[in-house]
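Here is a short walk through a protein model. Have a look at the sequence and the structure, and then read on.

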Amino acid sequence: MKWDTLEEEPCSLARTVAVIGDRWSLLILRECFLRIRRFDDFQASLGITRHLLADRLKKLVRFGVLRKIPYQEAPKRYEYILTQKGLDLYPIIMSIVHWGNVHMVDARGRPLLHEHKTCGKMFDPVMVCSECGEPLSAKHVHVHPGPGARRSSPVHASARERTKRSAESA
């Protein structure tokens with residue numbers, strides 16, 4: 001796999017990493033979810049160089065995660081707004097935040113708390129099965145090749161091995 005062609009890989013994780021897999025893109029997305037929208041505000045909040053910020057914003061726009069909306073004509077300035085594709089990254093961002101809250105927090109505690117507007121309670125994000133609603137963990141998930149998988153992928157080999165073991169034990 002080559003870093004500059006990850007978006008062409010037949011792997012959903014590799015394609016996603018091509019879009020959000022560097023620290024600045026993730027931090028820009030964090031700021032977007034905290035309602036930061038303007039270039040100067042991103043730069044002030046993150047301390048990122050103008051060149052790097054412009055590059056990452058351009059990439060996020062190119063991949064359809066953000067859209068540019070002009071808010072000033074002279075000079076031309078834009079706000080960067082999350083698209084539906086960008087909003088769909090919220091569970092990923094929240095999972096990373098939760099991991100940091102569990103494994104990287106210091107003695108002061110969590111830097112941010114999240115309140116569910118509907119019930120008014122502070123919450124931790126939980127991943128559940130879309131079919132039965134049960135919480136998910138890696139131990140309780142089997143991976144099967146999908147229609148877009150390569151025949152030589154590790155998932156195919158793993159699935160063949162599981163099928164072979166099941167047949168032998170039957």
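Predicted model: local features only at pLDDT ≥ 70, side-chain atom pairs only at ≥ 80, totals over all residues.

## Around I81

Leaving out residues up to four places away in sequence, I81 touches R37, V65, L66, R67 and I69, where touching, or contact, means heavy atoms within 4.5 Å. You'll find I81 in strand 2. Helices and strands here are DSSP runs (H or I of at least four residues for helices, E of at least two for strands), numbered from the N terminus. I81 counts as buried because its relative accessibility is 17%; buried means under 20% relative accessible area, exposed means over 50%, and partly exposed is in between, using a 1.4 Å probe and protein chains only.

Residues are numbered from 1 along each chain as its sequence is written, and side-chain values use heavy atoms, with hydrogens and water left out.

## The overall layout

The protein has seven helices and two strands. Follow the sequence and the pattern reads α-α-α-α-β-β-α-α-α. Of the 170 residues in the protein, 24% are buried. Among contacts with a separation of 6 or more, 36% are between residues 24 or more positions apart.

## Helix 2 and its two partners

Start with helix 2 (residues 23-33) and helix 4 (residues 50-62): their axes come within 10 Å and cross at roughly 75°. These axes are lines fitted to C-alpha atoms, for helices over the stretch in contact, and the angles run from 0 to 180 degrees between N-to-C directions. Helix 2 and helix 4 are therefore roughly perpendicular to each other; angles of 65 to 115 degrees get that label, while under 35 is roughly parallel, over 145 roughly antiparallel and the rest oblique. On the helix 2 side the contact is made by W24, S25 and I28, and on the helix 4 side by L52, L53, R56, L57, K59 and L60. Six of these residues are nonpolar, one is polar and two are charged. Here Ala, Val, Leu, Ile, Met, Phe, Trp, Tyr, Cys and Pro count as nonpolar, Asp, Glu, Lys and Arg as charged, and the others, Gly among them, as polar.

Helix 2 also packs with helix 6 (residues 90-103), at an angle of about 105° and with the axes 11 Å apart. This pair, too, is therefore roughly perpendicular. L26, L29 and F33 in helix 2 meet Y90, I93 and I96 in helix 6. What is the make-up of this contact of helix 2 with helix 6: nonpolar, polar or charged? There are six nonpolar residues, no polar and no charged ones.

## The nonpolar core

The largest nonpolar core has 21 residues, and I28, L57, V65 and L66 touch the most other members. Such a core is a set of buried Ala, Val, Leu, Ile, Met, Phe, Trp, Tyr and Cys residues joined through side-chain atoms within 4.5 Å. Helix 1 (12-20), helix 2, helix 3 (39-46), helix 4 and strand 2 (77-82) each give at least two residues to this core. Helix 2 has the largest share, with five. Setting aside neighbours within four places in sequence, I28 is in contact with F42, L46, L53, R56, L57 and L60.

Which residues of helix 3 are buried? They are F39, F42 and L46. Seen down the helix axis, these fall within an arc of 65°, so they line one face of helix 3; the arc is that of the directions from the helix axis to the C-beta atoms. They pack against helix 2, helix 4 and strand 2.

## Spots in and beside the loops

R35 sits in the loop between helix 2 and helix 3. R35 isn't a glycine, yet it has a positive phi of about 75°. With a relative accessible area of 58%, R35 is exposed. Just after helix 3, G47 also takes a positive phi, about 70°.

P75 lies in the loop between strand 1 (66-72) and strand 2. The peptide bond joining A74 and P75 is cis, with omega about -5°.
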